Amino acid sequence: MALVAACQDGTAAGARDAAILAVAYSCGLRRAEIVNLDLADFDRASGVFMVHGKRNKVRTVPIQNGARAAVEDWLAVRGEDAGPLFVGIRRGDHMTDRRMTTQAVYHIFTQRAEQANVTEFSPHDMRRTFAGDLLDAGADIVTVQKMMGHANVTTTARYDRRGERAKQDAARKLHFPYQRQK
């Protein structure tokens with residue numbers, strides 16, 4: 001993914017931005033959920049985030065593979081001090097202890113998209129891609145609904161881009177025990 005490559009520049013901001021992209025894509029989090037994460041919300045042993053979503057609902061979302069590695073690399077830069085998981089970084093790679101804003105995350109997404117020559121990109125595209133890729137990979141829609149923090153599966157269904165091919169694939173999985181007579 002070109003967005004990730006744009007972050008791999010050896011800076012603290014690059015490590016943070018890669019971790020933010022990882023959490024957005026691999027956990028399907030909203031910008032507000034990303035900025036509200038604290039270090040204490042990440043169980044490093046299990047690789048699970050405790051996410052505080054809309055209407056104060058709390059859900060657990062696992063993070064695996066390269067996304068988890070990106071978060072671990074960010075934590076190596078950030079350190080183990082309690083507080084916001086993602087903090088601001090000033091010029092010269094000087095970290096603050098202040099929580100980022102949703103607007104700052106929006107800026108990171110648009111800046112990294114520009115650096116990666118990705119056009120027509122919005123931060124919510126990461127959430128759409130999370131849902132679509134999981135459904136394409138065979139995850140059931142109720143699991144995706146729970147991971148996204150949707151109250152209703154109908155909301156999650158709007159993210160489903162599988163179309164007619166998925167219906168054909170699903171129909172092939174059923175077996176009707178009829179054989180033609182010769």
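1. Salt bridges. A search over the whole of this predicted model returns 10 salt bridges.

2. Arg16 and Asp17. The side chains of Arg16 and Asp17 form a salt bridge, with an N to O distance of 2.9 Å. Asp17 has a relative accessibility of 2% and so counts as buried. Arg16, at 7%, also falls under the 20% limit and is therefore buried. The two residues belong to a network of salt bridges that also links Asp9 and Arg112.

3. Surroundings of Arg16. Arg16 is placed in helix α2. Sequence neighbours within four places aside, Arg16 is in contact with Trp74, Phe86, Val87, Gly88, Ile89, Met100 and Ile108.

4. Packing of α2 on α5. The axes of helix α2 (residues 12-27) and helix α5 (residues 102-115) come within 11 Å and cross at roughly 100°. The two helices are therefore roughly perpendicular to each other. On the α2 side the contact is made by Ala13, Gly14, Arg16, Asp17, Ile20, Leu21 and Ala24, and on the α5 side by Val105, Ile108, Phe109 and Arg112. By type, the residues of this contact are 7 nonpolar, 1 polar and 3 charged.

5. Glu72 and Arg44. This salt bridge has an N to O distance of 2.5 Å. The pair joins distant parts of the chain, 28 residues apart: Glu72 is in helix α4 (residues 65-78), and Arg44 is in the loop between β1 (42-43) and β2 (48-52). With 22% relative accessibility, Glu72 counts as partly exposed. Arg44 is partly exposed as well, with a relative accessible area of 30%.

6. Arg172 and Asp169. The closest N and O atoms of this salt bridge are 2.9 Å apart. Both residues lie in helix α9 (residues 163-172), with a separation of 3 residues, about one turn of the helix. Arg172 is exposed at 59% relative accessibility, whereas Asp169 is partly exposed at 33%.

7. Helix α6. The buried residues of α6 are Asp125, Met126, Arg127, Phe130, Ala131, Gly132 and Leu135. Their cover includes α1 (2-7), α2, α3 (31-35), β3 (58-62), α5 and α7 (141-148). Just after α6, Gly138 adopts a positive phi of about 105°.

How values were computed. Residues are numbered from 1 along each chain as its sequence is written. This is a predicted model: local features need pLDDT of at least 70, side-chain atom pairs count only at pLDDT 80 or more; totals for chains, interfaces and linings use all residues. Side-chain values use heavy atoms; hydrogens and water are left out. Axes are lines fitted to C-alpha atoms, for helices over the stretch in contact, and angles run from 0 to 180 degrees between N-to-C directions. Helices (H or I, at least four residues) and strands (E, at least two) are DSSP runs, numbered from the N terminus. Angles under 35 degrees count as roughly parallel, over 145 as roughly antiparallel, 65 to 115 as roughly perpendicular and the rest as oblique. Contact means heavy atoms within 4.5 Å. Ala, Val, Leu, Ile, Met, Phe, Trp, Tyr, Cys and Pro count as nonpolar, Asp, Glu, Lys and Arg as charged, and the others, Gly among them, as polar. Buried means under 20% relative accessible area, exposed over 50%, partly exposed in between (1.4 Å probe, protein chains only). A salt bridge is a side-chain nitrogen of Lys or Arg within 4 Å of a carboxyl oxygen of Asp or Glu.
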